[in-house]
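Biologist: I have a new structure open on my screen, and I'd like to learn how to read it. Could you walk me through it?

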Amino acid sequence: MENSLFNKTPRLMKAVMLMNSMETGKLGKIIQRIINSRLVQSEIFSKKELVQLVEILQSEINLHQLSSMIDSIKFIFQQAAFYNLKCAVLKEHLLDIDVSGDVSEMFAIAWGQNSRATVEKMKQQLIATKQLDSIEWNMNIGLSGQTAAQMKDTNVYLHMNLLNNDTEEQEKLLLEFDHSQLLQFYQKLETIQSQLDSLT
């Protein structure tokens, strides 16, 4: 395939090698568990489940390799969702990075059965775990003399109140800016705003 969706990174290729060598029945259950999570859970398997999987797989794989393979499978499905791939196209991309025919077919079948629900769930999922709730600010003026004319240091403090979407707890982030830093920050925000405006 001319434009491959996946780069043959060492990590991905190690995962491909592991998937190709694994018993298809066991690998199929892992793939199914990952796609059933709709890719929105940060940890699809608990630490205890990972240890149990390594025991079940016996000498086929160690814990580090298993974790890396699970991340790679999740990444493959995330890419399929992002590009809204059809099953046959996903299979072609997998074959292009040396995934065996049987394993590529397993991915294609799992994706075909779950693609619509997975894409919908991912659309609803927030990308960031923390969301800006409110902003407060105050200014600190350091004077070198008795009058405002002798003003020396001016700093602005931004208090960003964040909402953690996972725990639903409030967190505070304090940023301190001098005049030039605040100006740079403002210019970045203006750039972001103009790019957002151009999308609407």
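Biologist: Let's start with the elements: how many helices and strands does the chain have?

Modeller: There are 7 helices and 3 strands in this predicted model. Walk along from the N terminus and the order reads α-α-α-α-α-α-β-β-β-α.

Biologist: And what share of the chain counts as buried?

Modeller: The chain has 200 residues, and 30% of them count as buried. Now look at contacts with a separation of 6 or more: 59% of those are between residues 24 or more positions apart.

Biologist: On to the helices. How do I describe two that pack together?

Modeller: Two packed helices are described by the angle between their axes and the distance between the axes. Take helix H1, residues 10-21, and helix H4, residues 63-82: their axes are 9 Å apart and the packing angle is about 100°. H1 and H4 are therefore roughly perpendicular to each other.

Biologist: Which residues make that contact between H1 and H4?

Modeller: On the H1 side you'll find Arg11, Leu12, Ala15, Leu18 and Met19, and on the H4 side Gln65, Ser68, Met69, Asp71, Ser72, Ile73 and Ile76. Sorted by type, the residues where H1 touches H4 come out as 7 nonpolar, 3 polar and 2 charged.

Biologist: What does the pair H4 and H6 look like, in angle and distance?

Modeller: The axes of H4 and H6 come within 9 Å, and they cross at roughly 65°. That makes H4 roughly perpendicular to H6. The crossing of these two helices is right-handed.

Biologist: Are H2 and H6 roughly parallel or roughly perpendicular?

Modeller: Start with the numbers. Helix H2 covers residues 24-36 and helix H6 covers residues 101-124; their axes come within 10 Å and cross at roughly 20°. An angle under 35 degrees counts as roughly parallel, so H2 is roughly parallel to H6. This crossing, of H2 and H6, is right-handed.

Biologist: And who meets whom between H2 and H6?

Modeller: H2 brings Thr24, Leu27, Gly28, Ile31, Gln32, Ile35 and Asn36, while H6 brings Val103, Met106, Phe107, Ala110, Trp111, Gln113, Asn114 and Thr118.

Biologist: Next, single residues. Where does cysteine 87 sit, and what does it touch?

Modeller: Cysteine 87 belongs to helix H5. Leave out residues up to four places away in sequence, and cysteine 87 touches Ala108, Trp111 and Gly112. Cysteine 87 has a relative accessible area of 29%, so it counts as partly exposed.

Biologist: I keep hearing about phi angles. What should I look for?

Modeller: Most residues other than glycine have a negative phi. Here, asparagine 84 has a positive phi of about 50° although it is not a glycine. Asparagine 84 lies in the loop between H4 and helix H5. With a relative accessible area of 54%, asparagine 84 is exposed.

Biologist: What about aspartate 98?

Modeller: Aspartate 98 isn't a glycine either, yet its phi is positive, about 75°. You'll find aspartate 98 in the loop between H5 and H6, and at 45% relative accessibility it counts as partly exposed.

Biologist: Last one: is asparagine 161 buried or exposed?

Modeller: Buried means under 20% relative accessible area; asparagine 161 has 5%, so it counts as buried. Asparagine 161 is in strand S2, residues 151-164.

Biologist: Which side chain makes a polar contact with the side chain of asparagine 161?

Modeller: That would be serine 134, at 2.8 Å. Setting aside neighbours within four places in sequence, the contacts of asparagine 161 are Gln131, Leu132, Asp133, Ser134, Glu136, Gln170, Glu171 and Lys172.

Technical notes: Residues numbered from 1 in each chain as written. Predicted model: local features only at pLDDT ≥ 70, side-chain atom pairs only at ≥ 80, totals over all residues. Heavy atoms only, no water. Axes fitted to C-alpha atoms, helices over the stretch in contact; angles between N-to-C directions. Helix = DSSP H or I, 4+ residues; strand = E, 2+ residues; numbered from the N terminus. Parallel < 35°, antiparallel > 145°, perpendicular 65-115°, else oblique. Left-handed = near helix turned anticlockwise from the far one by under 90°. Contact = heavy atoms within 4.5 Å. Buried < 20%, exposed > 50% of the residue type's maximum accessible area, 1.4 Å probe, protein only. Polar contact = N/O pair within 3.5 Å; in protein donor to acceptor, adjacent residues only side chain to side chain. Nonpolar A, V, L, I, M, F, W, Y, C, P; charged D, E, K, R; others polar.
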